[in-house]
Amino acid sequence: MTRSRTLDELDWPLRSARLTLRPGRSADAEEVWPWYRLPEVQEYTTTLSPTLADHRTWWDGGLETRVVGLQEGRIVAAGKVARQDAWSQAEMREQAAGRQAEIGWVLDPAVQGRGLGTEFAAALRDIAFDGLGVRRIEASCFAENHASRRVMEKIGLRLEGIFREESLHRSGRWLDGASYALLASEPRPPLAR
Ligand SMILES: CC(C)(COP(=O)(O)OP(=O)(O)OC[C@H]1O[C@@H](n2cnc3c(N)ncnc32)[C@H](O)[C@@H]1OP(=O)(O)O)[C@@H](O)C(=O)NCCC(=O)NCCS
């Protein structure tokens, strides 16, 4: 049954117009570290890893959800497609299990601003819908992360909520959160190049 598929079971690699995508591997942690560690990359990410060892531990902890995007053999994008249980009433738990996914993305700053973030995010969206077979995808970010919000909009996700000061940033500021989603039954916009 499609909805119980894992990322590992899909046909890899996948290709978008300019990227080759495959599941993340443990060894990738070291390859992405030189750009993943940059302050502009980590500004809005959940986990700040002060050392490569911390980064490796964090990377390996989420390995089953990781997808990377390569250009000319180099990893320039790191993302996640994390299958999740939908909320349900107790007696519907089994039918709701694993029916949605959360997606997220980070790009090497050296390649940002060329539409690759949008291209990678659209590929993650399609992996969740067409590969894992989920019925709904969600993405969320700090509301002031305008680049990521724009990516969400460009791949067709709908703004479903702005949550007032729900999130504490490591700067000590309480920030609004923004949540976006799309159903498998809804249209996906074609990507403009
Ligand atoms: C979010 C991110 C992946 C976007 O990557 P990218 O390759 O620059 O994205 P694209 O080139 O596809 O641009 C997407 C859109 O965002 C817009 N954008 C980029 N930076 C922006 C900014 N600072 N403010 C507003 N819009 C911005 C672009 O103009 C483009 O919209 P347009 O086509 O209407 O002009 C990248 O900025 C990133 O990795 N940021 C750090 C990590 C992060 O915050 N990840 C998300 C955590 S939720």
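Analyst: Start with the elements. Helices are DSSP runs of H or I with at least four residues, strands are runs of E with at least two, and both are numbered from the N terminus. Residues are numbered from 1 along each chain as its sequence is written. This is a predicted model: local features need pLDDT of at least 70 and side-chain atom pairs count only at pLDDT 80 or more, while totals for chains, interfaces and linings use all residues.

User: How many helices and strands does the protein have?

Analyst: There are 6 helices and 8 strands. Along the sequence they run β-β-α-α-α-β-β-α-β-α-β-α-β-β. Along the principal axes, the C-alpha atoms fill a box of roughly 45 × 40 × 35 Å.

User: What share of the residues counts as buried?

Analyst: Count neighbours. A residue is buried if 20 or more other C-beta atoms lie within 10 Å of its own, exposed if 12 or fewer do, and partly exposed in between, with C-beta atoms placed from the backbone. Here 28% of the 193 residues are buried.

User: Which residues have the most contacts inside the largest nonpolar core?

Analyst: A nonpolar core is a set of buried Ala, Val, Leu, Ile, Met, Phe, Trp, Tyr and Cys residues joined through C-beta atoms within 7 Å. The largest one has 37 residues, and V81, L124 and A128 have the most contacts inside it. At least two core residues come from each of α1 (28-36), β3 (66-71), β4 (74-84), β5, α5, β6 (136-142), α6 and β8 (174-183). The biggest contributor is α5, with 10 residues.

User: Take A128. Which residues does A128 touch?

Analyst: Contact means that two C-beta atoms, placed from the backbone, lie within 7 Å. Leaving out residues up to four places away in sequence, A128 touches V81, A101, I103, V134 and I137. For the whole protein, take contacts between residues at least 6 apart in sequence: 64% of them join residues at least 24 apart.

User: How do I read a helix face? Which residues of α1 are buried?

Analyst: An α-helix has 3.6 residues a turn, so residues three or four places apart point the same way. In α1 the buried residues are D28, A29, V32 and Y36. Their arc, built from the directions from the helix axis to the C-beta atoms, is only 85 degrees, which puts them on the same side of α1. The face turned away carries the exposed E30 and P34. The cover over the buried residues includes α2 (39-42), α3 (52-61), β3, β4 and β5.

User: And which residues of α6 are buried?

Analyst: S148, V151 and M152. They span an arc of only 100 degrees, which puts them on the same side of α6. Among the elements covering them are α5, β6 and β8. On the face turned away, H146, A147 and R150 are exposed. Just after α6, G156 takes a positive phi of about 95 degrees.

User: Which residues are closest to the ligand?

Analyst: A residue is near a molecule if its C-beta atom, placed from the backbone, lies within 6 Å of it. The ligand is surrounded by 22 residues, the closest being Q112, G117, T118, A147 and R150. Two or more shell residues come from each of β5 (100-107), α5 (116-132) and α6 (146-154). The largest share, 6 residues, is from α6. Sort the shell by class: nonpolar (Ala, Val, Leu, Ile, Met, Phe, Trp, Tyr, Cys, Pro), charged (Asp, Glu, Lys, Arg) or polar (the others, Gly among them). That gives 9 nonpolar, 10 polar and 3 charged residues.

User: Now the backbone. What is the phi of E72?

Analyst: Most residues other than glycine have a negative phi, and most peptide bonds are trans. E72 has a positive phi, near 50 degrees. E72 sits in the loop between β3 and β4 and is exposed, with 7 other C-beta atoms within 10 Å. E165 also has a positive phi, about 45 degrees, in strand β7 (residues 158-168). E165 is exposed too, with 11 other C-beta atoms within 10 Å.

User: Which residues does a cis peptide bond join?

Analyst: W12 and P13, with omega about -5 degrees. P13 lies in the segment before β1 (14-15).
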